[in-house]
Amino acid sequence: MINIESLRIELPGFTLQDINLSIEDGEFFTFLGPTGAGKTLVLEAIAGIIPITGGRIFVKGRDITHLPPDKRDIGIVYQDYALFPHLSVLENITYGLRYHKADPQESGKRVEKLMVQLGIKALAQRSIQHLSGGEKQRVSLARALAVNPSVLLLDEPLSALDPNFREEIREVLKKLHKRLETTFLMVTHDFAEAMFLGERTAIINRGKIEQIGSVSEVFKKPSTPFVAEFVGMKNVFPAVFNDTKVLVDDLEMQVESLPSDRKGYVAIRPEDIMIKNKMTFGNDFNVFKGKVLDVTNRGPYHEISARTGRVIFKAMLSKSDLFEIGLSETKRVNIAIRPSDIHVF
Amino acid sequence: MIIKKKIDPFFWIAVFSTSTVVAFILFPLVEMVVQPSFQDLKDAAKDPDVLRSIWLSIYTAGMAAIISFIIGTPFAYLLARKEFPGKKLVESIVDLPIMIPHPVVGIAILGIAGQNHWLGQIMQQVGIHIMGTVTGIVTVLTFVGLPFYVNTVKAGFEAIPVRLENVSRSLGASLTGTFFRVTFPLAWRSMLVGIIMCCARAISEFGAVVIVAYHPMIAPVMIYERFTAYGLKYSQPVAVWLIVVCLALFFLLRIVSLPKESKAKRG
């Protein structure tokens with residue numbers, strides 16, 4: 001288990017603070033957040049590469065806060081692969097073996113098995129200069145895993161890859177994690193990656209953790225306005241609560257449940273907002289009359305901004321929906337939202 | 001029909017200034033090399049004083065480069081990799097010898113090595129003499145050459161991604177192990193270039209050396225002495241030999257330090 005207690009890192013112009021985390025052995029944990037949020041700093045602190053200002057880090061009950069990186073038993077894989085350019089593929093992969101007391105036959109077998117699993121056995125004698133991005137990332141993974149670390153840190157491992165390699169390496173990561181007992185910690189800014197790979201996630205913004213939870217929980221029930229926007233809830237409004245009713249500006253909305261530990265926001269996914277010409281909704285819907293402000297073509301779908309009172313909703317419509325209702329700007333429409341689609345926090 | 005492309009006047013300005021600069025540098029040098037007769041050069045090459053002074057120049061410059069390599073490498077690594085309070089100040093101090101007029105360097109070194117200074121007294125007790133010795137020459141050459149080594153190698157270290165070192169550490173290598181297995185193999189070319197730069201600077205030094213040690217005579221001092229005592233004609237052959245020897249050495253090192261392009265391309 002990895003325990004991080006009140007981790008704090010101060011840099012000129014940036015502070016990472018109040019990082020408290022527990023990660024189970026063998027978990028695939030992701031750190032999600034926009035660029036510059038401080039996700040990579042957390043990884044580098046765990047790896048022991050950067051000095052920390054405060055807090056403690058434990059791995060399997062061992063306090064590693066003040067251990068040098070070479071004594072931590074933690075592997076690292078970077079976005080830019082960071083392969084040693086003066087060494088061959090095999091020399092890269094076996095680089096760390098001499099520092100780990102193990103039966104050379106056994107570690108040789110493990111390296112061989114890893115290279116077969118990663119499909120890079122044929123590349124062993126090649127120079128790393130002419131490998132493709134996907135091959136480089138496989139070599140980088142093999143190198144980190146060859147010494148059998150208890151934790152593997154992955155810093156945006158898919159970001160530098162072409163889209164087709166990205167999917168391929170994503171599958172490789174998932175399979176490797178299933179097969180090994182190593183704990184995987186991955187930094188990414190891509191929610192889809194976290195959804196596909198991660199079990200739990202921590203959303204980081206401006207040097208602080210916004211929310212920790214399973215990826216689907218974070219996706220469905222964000223607990224801060226930032227996380228709501230980050231997971232694609234484009235309609236986030238401050239709200240006032242009155243018994244079972246919710247007031248957004250002067251709009252009254254029915255919601256399914258009111259959590260007691262709420263902060264005072266509602267959030268709605270754009271795909272859950274319906275826009276129609278006629279009133280064809282059931283009685284249980286929240287329906288508002290409004291006006292279309294803007295229609296933007298986003299490729300597979302259209303984004304509609306519609307205003308009712310002082311509130312502007314953003315909705316997503318498919319091309320056929322749009323065609324069916326003949327939407328255009330300034331057209332008067334009915335906006336409908338199911339109470340169960342309104343997330344209150 | 002041929003369409004004539006109009007050439008911008010700036011192009012001609014650039015061509016003119018380029019040829020002026022190249023001619024300005026090469027013309028005097030080429031003229032100096034071709035002016036002495038073959039017989040003069042042959043005589044100079046047989047003169048033991050000339051041979052001794054050229055050898056002393058190469059030897060002392062080489063020593064200065066070796067000393068710079070030994071103490072300058074860890075220092076350059078520190079400057080390239082670590083942030084610490086006062087780093088900018090330390091970097092400016094390293095550059096000081098480049099700014100200071102050369103005779104001043106000699107005077108400054110003598111000032112602390114003389115009998116009137118406590119350091120000079122200690123040095124004399126342990127048998128280190130600066131005035132008029134090879135040790136003195138090596139000392140001033142190191143003083144003027146070290147910044148060139150440190151700055152070149154620092155840039156070389158900075159060009160190596162720190163992530164490579166991080167990965168090496170995470171795989172279990174200590175700081176020392178990482179330096180010898182990752183940093184050094186990737187930085188040795190810049191170290192060699194640094195050594196060349198340091199040597200080149202040291203071998204051309206005159207002002208500081210002439211203050212500290214007129215004798216034993218390094219080649220630039222001998223050239224100066226022959227010029228003042230006998231005139232231009234007598235100093236030229238020595239100068240030619242010094243240039244020839246230096247160029248030969250530097251080309252050799254340069255060839256060694258060039259990356260092997262063809263091999264890398266074949267992969």
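Chain B has a radius of gyration of 23 Å, whereas a compact globule of 267 residues would have one near 18 Å. The model is predicted.

**Overall form of chain B**
- Taken along the principal axes, the box filled by the C-alpha atoms of chain B is roughly 85 × 65 × 35 Å.
- Of the 267 residues in chain B, 33% are buried.
- Among contacts in chain B with a separation of 6 or more, 79% are between residues 24 or more positions apart.

**Secondary structure of chain B**
- Chain B has 13 helices and 0 strands.
- Its pattern along the sequence is accordingly written α-α-α-α-α-α-α-α-α-α-α-α-α.

**A sheet in chain A**
- Chain A contains an open sheet of 3 strands, in the order 12-13-14, and the pairing is antiparallel.
- Strand 12 (240-242) and strand 14 (251-254) of chain A each have a single partner strand, so they stand at the edges and one side of each has no neighbour in the sheet.
- On average, neighbouring strands of this sheet are turned by 30° against each other, with direction ignored.

**Pairing of strands 13 and 14 in chain A**
- Strand 13 of chain A covers residues 245-248.
- Strand 13 and strand 14 of chain A run antiparallel and are joined by 4 bridges.
- Which residue of strand 14 is the bridge partner of A:K245? The partner is A:Q254.

Notes:
Residues are numbered from 1 along each chain as its sequence is written. Chains are lettered from A and ligands numbered from 1 in the order in which they are written. This is a predicted model: local features need pLDDT of at least 70, side-chain atom pairs count only at pLDDT 80 or more; totals for chains, interfaces and linings use all residues. Helices (H or I, at least four residues) and strands (E, at least two) are DSSP runs, numbered from the N terminus. The radius of gyration is taken over C-alpha atoms; the globule rule is 2.2 Å times the number of residues to the power 0.38. A residue is buried if 20 or more other C-beta atoms lie within 10 Å of its own, exposed if 12 or fewer, and partly exposed in between; C-beta atoms are placed from the backbone. Two residues are in contact if their C-beta atoms, placed from the backbone, lie within 7 Å. Two strands pair if DSSP finds at least two bridges between them. Axes are lines fitted to C-alpha atoms, for helices over the stretch in contact, and angles run from 0 to 180 degrees between N-to-C directions.
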